[in-house]
Amino acid sequence: MTPAELTLTAAFGASALTGLTSLGVIWVQEARRRRARDKAALHTAMLELLSRSMAVAMRGQVMGETMKVRSGLVEGLDVAMHNRKPVDPLELHDWIAQDIVPLNAALGEIWTRCDQEGIRLANDVVGKCMDLLGASTALQPAPSRRERARKRATGEHWTPEMRAAHERAMKDLAHARKRFADYARSRLGQQAVDLFAQVEVTGEHEEPDRAGIGTAPHEEKPPLEGAAPSADGKAQAGN
C-alpha cells in the first residue's frame with residue numbers, strides 16, 4: 001500500500017470515528033431530552049390529577065346542595081311560573097365535564113408513563129373522587145308512599161346517614177390524595193414532608209418569650225411582703 005493510500009485510509013477512518021462519536025453524542029442528548037420530556041409530562045399529569053380531583057369534589061358538593069335547594073313544590077311552582085328555567089341535563093354535563101375531562105386525561109397520562117404503584121394510587125384517587133361525587137348527589141331514601149309524597153312536597157334533605165357517608169367520603173378522598181402526593185414527591189425527587197401540617201394556634205394567655213421565638217406561659221407576680229388578702233382572694237399592699 002502506497003503512502004497516499006495509507007493517508008487516504010487514515011482520513012476515512014478518522015472521519016468515520018468522528019461521525020460515530022457525533023452520532024453517539026446526539027443519541028445521548030436526545031435520550032436525555034426524551035427523559036426530561038417524559039418527567040415533565042408526568043409531573044404535569046400528577047399535578048392535574050391532584051387539582052382536578054379536588055375541583056370535581058367541589059362541583060359535586062355544589063350539585064348536592066343545588067339538589068336540596070331546587071326541589072319540592074316551591075321549585076315546581078317557580079319553573080311552572082317561568083321564574084326559573086328547569087335544569088338541563090346537557091348543560092349540567094358540560095358544566096361538570098370541565099373538570100372531569102382533564103381529570104381523565106391526567107389519569108391516561110399516568111397510565112402510559114407511570115409505574116404500577118403510581119397507577120394504583122392514581123386509580124384510588126379517581127375512585128374516591130367518584131365516591132364523593134355519588135355521596136354528594138345521593139337522594140333521600142323514601143321507602144313508603146307517605147314519605148315519597150312528603151319528599152315531593154318539601155324537597156330533598158340530608159339525613160344523618162347521608163351526612164355521615166358524605167363526611168367519610170371526603171376523608172377518604174383527602175387521604176387518597178395525600179398518598180398519591182407523597183408518592184409523586186418521592187418519584188420526582190422531592191423530600192418527604194407532612195402534607196397535613198397546619199399552623200399551631202397559641203393560647204390566649206401566652207406571650208412571646210424574651211428571644212421573640214415561641215411563646216411563654218403568663219406567670220402572675222408574687223404578692224408583696226406584708227400584703228393582706230382581700231375579699232376576692234387577691235393580696236393587697238399594706239399601709
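Arg-59 and Asp-99 form a salt bridge, with their closest N and O atoms 2.4 Å apart. The term means a side-chain nitrogen of Lys or Arg within 4 Å of a carboxyl oxygen of Asp or Glu. Arg-59 lies in helix H1 and Asp-99 in helix H3 (residues 89-113), so the pair ties together parts that are 40 residues apart in sequence. Helices (H or I, at least four residues) and strands (E, at least two) are DSSP runs, numbered from the N terminus. Arg-59 and Asp-99 are both buried. Buried means under 20% relative accessible area, exposed means over 50%, and partly exposed lies in between (1.4 Å probe, protein chains only).

This is a predicted model, numbered from 1 along each chain as its sequence is written. Local features need pLDDT of at least 70 and side-chain atom pairs 80 or more, totals for chains, interfaces and linings use all residues, and side-chain values use heavy atoms, with hydrogens and water left out.

A network of salt bridges links Glu-48, Arg-52, Arg-59 and Asp-99. The charged end of Arg-59 also sits over the ring of Trp-95, 4.7 Å from its centre. Here NZ of Lys or CZ of Arg must be within 6 Å of the ring centre and within 35 degrees of the ring normal. Lys-68 meets this test too: its charged end sits over the ring of Trp-158, 4.2 Å from the centre.

The structure holds 11 salt bridges. One of them joins Glu-109 and Arg-113 at 2.7 Å, N to O. Both residues lie in helix H3, 4 residues apart, about one turn of the helix. Glu-109 is partly exposed, with a relative accessible area of 31%. Arg-113 is partly exposed at 34%. Asp-115 and Arg-187 also meet in a salt bridge, at 3.7 Å, N to O. This pair links distant parts of the chain: Asp-115 is in the loop between H3 and helix H4 (116-136), and Arg-187 is in helix H6, 72 residues apart. Asp-115 is partly exposed, at 34% relative accessible area, and Arg-187 is partly exposed at 35%.

Now the overall layout. The protein has 6 helices and 4 strands. From the N terminus, the elements run α-α-α-α-α-α-β-β-β-β. Of the 239 residues, 23% are buried. Contact means heavy atoms within 4.5 Å. Among contacts between residues at least 6 apart in sequence, 64% join residues at least 24 apart.

Two residues show such contacts in detail. Met-67 is in helix H1 (residues 3-69). Met-67 counts as partly exposed because its relative accessibility is 24%. Beyond its neighbours within four places in sequence, Met-67 is in contact with Thr-137, Ala-138, Leu-139 and Glu-156. Met-67 and Ser-136 are 69 residues apart in sequence and 9.6 Å apart in space, C-alpha to C-alpha. His-166, in helix H6, is buried, with a relative accessible area of 11%. Not counting residues up to four places away in sequence, His-166 touches Gln-61, Leu-132, Ala-135, Ser-136 and Trp-158.

Last comes the surface. The protein exposes about 17500 Å², and carbon and sulfur atoms supply 59% of it. Areas come from the Shrake-Rupley method with a 1.4 Å probe; for residues, only the protein chains shown count as cover. Val-193, Leu-195 and Phe-196 make a nonpolar surface patch of about 230 Å². Patch residues have over 30% relative accessible area and no salt bridge; like charges are joined within 9 Å, nonpolar side chains (Val, Leu, Ile, Met, Phe, Trp, Tyr) within 5 Å. Phe-196 is found in the loop between helix H6 (160-187) and strand E1 (206-208). Phe-196 is partly exposed, at 40%.
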